[in-house]
Amino acid sequence: MNAPQPSSLGPEQLEALRQIDTPTIANAIEAFDLRDATDGYASLELRCLFPDLSPVVGYAVTCTADTTSPGKNRLSAIKALYEAVHMAPKPAIVVIKDIGPNRLRSCHAGDVMATLFQKLGGVGLVTDGGVRDLDGIRQRAPGFQMFAPGVVVSHGVPTIVEVGVTVSICGLTVRPGDLLHGDSNGLVNIPHAIADQVAGEAEKVWQREREFVEFVKSPAFTLQALAERYGW
């Protein structure tokens, strides 16, 4: 499958998206009616492992991997993944789909891999398998974000199987070049067709929420007034 053309977002546009929380991004996307509101985001199984970090935004570099099939290390395909990250639009987010026999014991990255990905222009990693070395990542690759269901102590038998393929991560379909946005709340896919408009729409979302909260906290609030205000 051909990868979608990455959004032509400039540094200021990307920085604007980084200033917005992921739920607001999701709300803003809904205004464009490009997909159902039940699509485009990962399930609660995918955890943000550094929730104190600011939102991260980047273009997906995808692959499939297996670390739980017994045997000797099979690292021959890792070079293709490194090259893909190096050549990808920046910032990049590495997305690793586990296809091994025991996903709950898989481990697809630690502090060494995170440091290398960051050096190549990566800002985060997403996987439906495990990762490790969280303290080491903070020290060696500060600011590098990790999304995974959890942590595992051993790297197992690392094997990159395919690079540049469409994958599904905890309910979120990710294609090479997809624009991803994530923070402590989770991970969402921003459609390229509206990527340059999402930040502006997010401002409208914030404004509507501020007005609603101010109304709820005001002396004028009653359930009847709420129904009248919104035509219920």
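Biologist: How much of the chain is buried?
Modeller: Buried residues account for 45% of the 232 residues. Buried here means under 20% relative accessible area, exposed means over 50%, and partly exposed lies in between, with a 1.4 Å probe and protein chains only. This is a predicted model, where local features need pLDDT of at least 70 and side-chain atom pairs count only at pLDDT 80 or more, while totals for chains, interfaces and linings use all residues. Residues are numbered from 1 along each chain as its sequence is written, and side-chain values use heavy atoms, with hydrogens and water left out.

Biologist: And what is the accessible surface of the chain?
Modeller: About 11900 Å², and 54% of that belongs to carbon and sulfur atoms. Accessible areas come from the Shrake-Rupley method with a 1.4 Å probe, and for residues only the protein chains shown count as cover.

Biologist: How many helices and strands am I looking at?
Modeller: Seven helices and twelve strands. They are DSSP runs numbered from the N terminus, with helices being H or I of at least four residues and strands being E of at least two.

Biologist: Let's take H6. What length does H6 reach?
Modeller: H6 has 20 residues and reaches 28 Å from first C-alpha to last, close to the expected 28 Å at 1.5 Å a residue. The expected span is 1.5 Å times one less than the number of residues in the helix.

Biologist: Which residues of H6 are buried?
Modeller: Val198, Ala199, Glu201, Ala202, Val205 and Phe215. Their cover includes helix H1 (11-18), helix H2 (22-30), strand E12 (186-190) and helix H7 (223-230).

Biologist: Which residues form the nonpolar patch on the surface?
Modeller: Phe212, Val213, Val216, Tyr230 and Trp232, with about 490 Å² of accessible area together. Helix H6 (residues 198-217) supplies the largest share of the patch, three residues. Patches take residues with over 30% relative accessible area and no salt bridge; like charges are joined within 9 Å, and nonpolar side chains (Val, Leu, Ile, Met, Phe, Trp, Tyr) within 5 Å.

Biologist: Is Phe212 buried or partly exposed?
Modeller: Phe212 is partly exposed, at 31% relative accessible area. Its place is in helix H6.

Biologist: New topic: how many salt bridges are there?
Modeller: Nine in the whole structure. A salt bridge is a side-chain nitrogen of Lys or Arg within 4 Å of a carboxyl oxygen of Asp or Glu. One of them joins Arg18 and Glu15, at 3.0 Å from N to O.

Biologist: Where do Arg18 and Glu15 sit in helix H1?
Modeller: They are three residues apart in helix H1, so about one helical turn separates Arg18 and Glu15. An α-helix has 3.6 residues a turn, so residues three or four places apart point the same way. Arg18 is partly exposed at 27%, and Glu15 is partly exposed at 33%.

Biologist: What about Lys79, which residue does it bridge to?
Modeller: Lys79 pairs with Glu83, with the closest N and O atoms 2.3 Å apart. Both lie in helix H3 (residues 78-87), four residues apart. Lys79 is exposed at 52%, while Glu83 is partly exposed at 39%.

Biologist: And which residue does Asp111 pair with?
Modeller: Asp111 forms a salt bridge with Arg140, with the closest N and O atoms 3.5 Å apart. Asp111 lies in helix H4 (residues 111-119) and Arg140 in helix H5 (residues 134-140), so the pair ties together parts that are 29 residues apart in sequence. Asp111 is buried at 12%, but Arg140 is exposed at 52%.

Biologist: Now the strands. Where is Ala148 found?
Modeller: Ala148 is in strand E6 (residues 145-148), and it is buried, with a relative accessible area of 0%. Ala148 and Leu46 are 102 residues apart in sequence and 5.2 Å apart in space, C-alpha to C-alpha.

Biologist: Which residues does Ala148 touch?
Modeller: Leaving out residues up to four places away in sequence, Ala148 touches Glu45, Leu46, Arg47, Leu49, Thr127, Gly129 and Val131. Contact means heavy atoms within 4.5 Å.
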